[in-house]
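Please look over the sequence and the model shown below before reading on.

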Amino acid sequence: MERVDVAIVGGGPGGTAAAHAAASAGADALVLEKGVPRADREFLGPDSTDAAGILDYWVDIMGIHPDEFDEGVVQRELNRAEFRGPDEATTLYHTGIDSSYDNFGYTFHRARFDDWMRERAEDAGAEYRVNASVRDVRTDLDAAGEDPQHVVELASGDEVGADFLVLADGPQRTVTNRVLDRYLPDGAKASERLASRDANHIAYQEYRRVPEEVFEEVNDAIVFWWGVIPGETAYPWIFPNQDRVCRIGLTMPIGLDIEEFDRDAYELLEADDDSIPTGSAYIRRLLEWQYGDEYDIEEDFPLVEDAGKRGGTETYSISSTRPIDSPTEAGIAVVGGAMGTTSAFHEGGDHVAVRTGAIAGELAAAGDLGAYNRRWKEAIGDEVVRNVTMADMVGDYDPDDWNRIIGAADAMLTRKDDDGLLNHPYRSGWESAKLLLGYKWNKRTTKRNYVGIEADEYEYGGAGDD
């Protein structure tokens with residue numbers, strides 16, 4: 001049986017960051033990636049799909065400055081985010097959080113980013129193995145001597161023994177759920193708690209080449225529409241790439257029933273809809289609404305068929321459950337989307353995936369994961385709390401609420417000082433005060449309870465050895 005110090009399930013940002021950190025510290029690290037095809041990648045790689053944008057302070061969370069990337073990873077540098085409601089709009093030019101990165105943010109090519117992360121890990125000495133689909137993991141907590149604590153079973157029938165296991169298989173958690181279930185008491189299965197249809201989202205995006213005049217409007221901005229499609233934290237967006245290509249997509253919860261919503265209230269619903277529209281239907285309606293008076297959408301906004309996952313389109317899941325602790329006493333760390341660090345509210349989570357992966361790899365190489373649950377909270381806890389707080393606050397918003405809240409935010413942003421921080425909210429009106437005070441109150445509450453599975457819920461007696 002093959003033996004390594006650290007076995008890593010999943011070759012996305014979390015997995016490659018773990019491999020890089022572990023190998024850099026002298027550990028024998030192996031990444032196991034099943035591999036999927038993409039139209040914009042010549043070889044198999046991770047399931048590289050998300051909106052692929054980074055804000056200024058996310059650069060510091062991730063710990064990698066874009067100047068380090070190969071050419072072509074960064075697509076556009078950004079100077080603002082535009083938030084549009086049914087009738088109101090506001091523009092954010094500063095996140096208000098200190099950062100070492102000078103711009104508002106940047107968009108990047110996710111497949112090229114993943115490839116760069118892989119090369120970085122391999123340059124540090126890690127092995128990245130594709131076509132290595134993991135079937136299961138056996139764990140013997142009493143293993144001693146030369147026997148590995150973990151045995152990773154591959155679909156090929158091969159086995160890999162490892163002292164430490166990093167689970168980085170993304171928000172679908174194909175392997176993670178199976179492993180964690182063995183450390184939780186009956187009735188508290190991770191596969192049920194982390195895969196709730198009430199909490200998870202689906203995202204869809206299209207790569208379209210837009211007219212020059214449209215690209216000029218958005219080439220240095222990310223644009224979001226709120227309150228135009230139904231569902232908790234459901235919104236369309238535009239992210240600019242190079243060569244007049246934009247990623248135009250949306251996020252929405254799965255399993256919505258259109259009968260629960262007023263079709264007349266939402267801009268992108270139609271009176272004769274008998275079910276929630278598909279992602280492609282929503283995107284067509286968005287483009288017709290915004291640009292249909294001036295352009296023929298299919299002719300002037302063509303799909304870029306050699307981009308993205310397939311035919312210029314991508315569909316992917318987003319874990320909008322809360323992050324979880326890991327069963328570190330078993331030598332296991334869960335990182336990135338598999339631990340719930342991605343969020344439907346801020347779309348994607350490459351920065352927190354990289355950071356959690358790096359922490360796990362560093363500790364595994366040192367021979368003790370005991371500090372992992374504390375370390376990830378120190379590194380990304382504030383970011384997670386912000387997103388959970390905002391998602392909870394706006395969960396039941398309808399279009400009128402979005403108009404009200406975006407108008408209040410716009411009033412606040414027009415009264416910022418030279419440092420980009422807001423002046424006293426009452427000067428901007430009562431709605432602005434309620435927005436800011438409500439956020440602060442909910443954030444205090446969320447900070448005390450934002451972890452989906454606590455470390456003390458895991459049970460180790462006989463676990464993992466079935």
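Arg129 is partly exposed, with a relative accessible area of 23%, where buried stands for under 20% relative accessible area, exposed for over 50% and partly exposed for what lies in between, with a 1.4 Å probe and protein chains only. The areas themselves come from the Shrake-Rupley method with a 1.4 Å probe, and for residues only the protein chains shown count as cover. This is a predicted model, in which local features need pLDDT of at least 70 and side-chain atom pairs count only at pLDDT 80 or more, while totals for chains, interfaces and linings use all residues. Residues are numbered from 1 along each chain as its sequence is written, and side-chain values use heavy atoms, with hydrogens and water left out.

The side chain of Arg129 meets that of Glu127 in a salt bridge of 2.9 Å, N to O, a term that requires a side-chain nitrogen of Lys or Arg within 4 Å of a carboxyl oxygen of Asp or Glu. Glu127 counts as partly exposed, at 37% relative accessibility. Elsewhere, salt bridges with shared partners join Glu206, Arg208, Arg284, Glu288 and Glu298 into one network. Tyr128 has its place in strand S8, residues 127–130, strands (E, at least two residues) and helices (H or I, at least four) being DSSP runs numbered from the N terminus.

Glu33 leads on to strand S2. Its 5 residues are buried, 5 of the 5, so S2 is largely enclosed by the rest of the structure. Both faces of S2 are covered, with Ala29, Val31 and Glu33 buried on one side and Leu30 and Leu32 buried on the other. Strand S1 (residues 2–9) runs parallel to S2 and is joined to it by 4 bridges, strands being taken as paired if DSSP finds at least two bridges between them. Within this pairing, Val31 is the bridge partner of Ile8.

Which strands flank S12, residues 201–209, where Glu206 is found opposite residues of S15 and S16? S12 pairs with strand S15 (residues 245–253) in the antiparallel sense over 9 bridges, and 6 bridges join S12 to strand S16 (residues 313–318), again antiparallel. Glu206 stands opposite Ile248 in S15 and opposite Thr313 in S16. Of the 9 residues of S12, 7 are buried, so this strand is largely enclosed by the rest of the structure.

The structure holds 28 salt bridges, and one of them brings together the side chains of Glu314 and Arg38 at 2.8 Å, N to O. Because Glu314 lies in strand S16 and Arg38 in the loop between strand S2 (29–33) and strand S3 (53–55), this pair ties together parts that are 276 residues apart in sequence. Glu314 counts as buried at 1% relative accessibility, and Arg38 likewise at 6%. A further salt bridge joins the side chains of Arg80 and Glu82 at 2.9 Å, N to O, and both of these residues are buried.

On the surface, Glu212, Glu213, Glu216, Glu217, Asp293 and Glu294 gather in a patch of negative charge. Such patches are made of residues with over 30% relative accessible area and no salt bridge, with like charges joined within 9 Å and nonpolar side chains (Val, Leu, Ile, Met, Phe, Trp, Tyr) within 5 Å. Glu212 lies in helix H6, residues 212–218, and is exposed, with a relative accessible area of 59%.

Methods: Lys, Arg positive; Asp, Glu negative; His and termini not counted. Charge placed at Lys NZ, Arg CZ, Asp CG, Glu CD.
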